[in-house]
Amino acid sequence: MTSWKDVNAIYQIYPRSFQDSNDDGVGDLNGVVKRLDYLKGKIDSLGIDAIWFSPFFPSPMADFGYDVSNYCDIDPLFGTLDDFKNLVAQAHGRNIKVMIDFVPNHTSNEHPWFVESRSSRESSHREYYVWRDPKPDGSPPNNWLSIFGGSAWEWDETTGQYYLHTFLNEQPDLNWDNPRVRREMQNVLHFWFKLGVDGIRADAVRWISKDQHYRDDPKNLGYIATEGSDEFGSLLHVHSRFGPHLFDYLREMTDVVEKYPDRIMIFEDYPDTIYTTRDQYLGFYSINPRVSMPFNFEGIGLPFDAETYRRFITEFQGFLNQEEHMPVYCFGNHDQWRLVSRVGAEQARVVALMQLCLPGLPVVYYGDELGMANGVIPPDAEQDPLNRIKPGLGQGRDPERTPMQWDGSPQAGFTRVRPWLPIAEHVTTHNVERELTEPDSYLAMYQQLLHLRSLHEVLRKGDYETFGDASPFAFVFSRRLGDEHVFVALNFSAKPQQIALPHAGAVLCSTHPADPPSLGQQGKLKLRPYEGALVACAKHPLHGML
Ligand code: GLC
């Protein structure tokens with residue numbers, strides 16, 4: 001099995017939306033098994049080395065699986081534990097690693113621990129969650145806000161106390177200061193590792209340690225309340241997250257990870273205003289860089305221009321220790337607008353080529369390899385509670401969760417019945433079946449890039465260095481490992497750009513694989529608008545190529 005150090009990329013599957021196998025309009029584990037050939041194996045497969053699954057655990061689905069009611073089983077909607085074991089065996093048989101989601105900050109309010117905890121103040125599980133008395137006037141214990149709207153405290157009539165929920169009120173926060181809770185969660189990790197799971201994506205970890213005195217969060221003086229603003233931004237969340245024990249608690253988790261060979265844990269963590277970006281990343285890397293690392297989501301929020309991208313990547317690479325720290329670049333997921341819908345169709349190809357030519361473990365969100373765009377969701381088809389709870393803010397996440405587009409039929413080959421979310425409109429042009437026949441499709445580009453990334457260590461592990469001067473139009477970098485050397489040239493502008501690459505050997509791959517840019521005399525690379533290319537160096541060719 002390929003070691004994590006050599007994995008070409010991780011592919012994120014949102015299980016509800018990948019493949020339905022039992023005609024209920026919702027994707028499931030057996031559906032994924034049916035599609036493994038697409039992921040790796042057949043000659044025309046995507047060629048991915050690892051899959052990360054968003055939650056498939058038993059859940060009332062208030063937050064579509066991020067409200068877990070049993071950490072050690074599979075929701076019947078998705079199948080059974082035996083189905084999962086089969087999926088792992090089939091994936092491993094194809095040399096694909098399996099990574100699962102782990103939701104440590106909160107459970108579902110239907111988890112037996114919470115049901116027990118709320119039954120009485122004397123409950124054996126009372127201290128599994130965060131319960132506090134009201135203020136003398138009956139109001140919540142402090143001013144903390146829920147990310148999903150309103151106070152982070154929910155009144156419980158039966159026991160006359162408030163409980164804390166950073167997300168929905170159906171997602172009560174676990175009390176990580178309680179060693180019993182931490183042991184329970186460690187056991188969950190053991191359970192899945194023993195089943196052969198190779199990695200863990202750890203959800204919303206910044207919230208597991210809170211201020212020990214539960215002080216009010218200070219006001220954000222820069223916040224202006226207007227119709228379109230999110231009240232959550234009115235506070236600086238310095239006490240409700242990044243508490244003093246965060247890294248200790250996470251280290252206890254990575255100690256478990258380290259007990260098993262070649263396992264990893266990737267922390268979900270977005271750039272915060274509390275720390276400098278550098279301190280925030282290095283904090284997470286300090287936990288245990290041998291087995292754990294944070295995602296890098298910075299690219300998700302950045303404007304699409306060459307200087308901004310060059311700065312963000314160069315700064316990040318600059319403070320990492322190349323030997324120790326594994327970068328995990330991610331430009332889309334189930335919580336964010338589709339890449340194509342954020343930056344544009346051609347621009348998305350540039351980002352993809354860049355991502356798959358950067359060091360570390362890139363993460364590709366299912367469907368991005370087809371250039372899938374946000375779906376249009378009519379109000380009566382909405383599923384995500386965010387639009388309902390925070391109307392008018394456009395935070396609903398359904399558009400980026402629409403079913404995988406396998407073919408151009410009305411149900412996209414995803415299901416035979418009405419799918420749980422509508423199929424996105426561009427299904428006839430952006431689907432696996434069609435793109436496999438088009439030499440210049442998104443899929444063709446991803447296949448080529450993933451293939452090159454598997455083949456050439458320089459793309460996974462080579463040193464990163466910017467090339468040439470910063471420019472508002474183009475961003476060029478090089479990768480070097482031993483005597484192998486490649487250039488990555490990216491045109492971020494709507495105008496053609498000419499880039500001088502000394503000793504350029506040949507274009508190995510470009511954003512238009514069927515029509516690569518021309519390489520003129522003395523390494524002059526002519527890039528068309530929003531075009532990118534991976535170019536080998538003639539003096540230091542890649543082994544086995546050219
Ligand atoms: C993470 C998940 C998101 C979920 C939230 C609460 O941010 O990615 O989908 O709603 O945590 O678990």
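Two strands count as paired if DSSP finds at least two bridges between them. Helices (H or I, at least four residues) and strands (E, at least two) are DSSP runs, numbered from the N terminus. With that in hand, welcome to this predicted model, in which local features need pLDDT of at least 70, side-chain atom pairs count only at pLDDT 80 or more, and totals for chains, interfaces and linings use all residues. Residues are numbered from 1 along each chain as its sequence is written, and side-chain values use heavy atoms, leaving out hydrogens and water.

**A hairpin to start with**
- Strand 5 (residues 153–156) and strand 6 (residues 161–164) run antiparallel and are joined by four bridges.
- In this pair, Glu154 stands opposite Tyr163 of strand 6.
- Four residues lie between the two strands of this hairpin, and Gly160 in the turn has a positive phi of about 65°.

- Five strands make an open sheet with antiparallel pairing, in the order 11-12-13-17-15.
- Strand 11 (463–466) and strand 15 (504–510) are the edge strands, each pairing on one side only.
- On average, neighbouring strands of this sheet are turned by 25° against each other, direction ignored; axes are lines fitted to C-alpha atoms, for helices over the stretch in contact, and angles run from 0 to 180 degrees between N-to-C directions.
- Strand 13 (residues 484–491) runs antiparallel to strand 17 (residues 532–537), with five bridges joining them.
- Val486 stands opposite Ala536 in strand 17.

**Helix 10 and its neighbours**
- Helix 10 (residues 345–355) packs on the sheet and touches strand 12 (474–481), strand 13, strand 15 and strand 17; contact means heavy atoms within 4.5 Å.
- The direction of helix 10 makes about 160° with that of strand 13.
- Helix 10 also packs with helix 13 (residues 442–455), at an angle of about 10° and with axes 10 Å apart.
- That angle makes helix 10 roughly parallel to helix 13, a term for angles under 35 degrees.
- Residues of helix 10, including Ala345, Arg349 and Leu353, meet residues of helix 13, among them Tyr442, Met445 and Leu449.

**Two domains side by side**
- The domain assignment gives domain 1 (4–101 + 179–207 + 246–449) and domain 2 (463–545); such bounds come from an automatic or database assignment.
- The centres of domain 1 and domain 2, taken over C-alpha atoms, are separated by 29 Å.
- In domain 1, 26 residues are in contact with 32 residues of domain 2.

Note on methods. Parallel < 35°, antiparallel > 145°, perpendicular 65-115°, else oblique.
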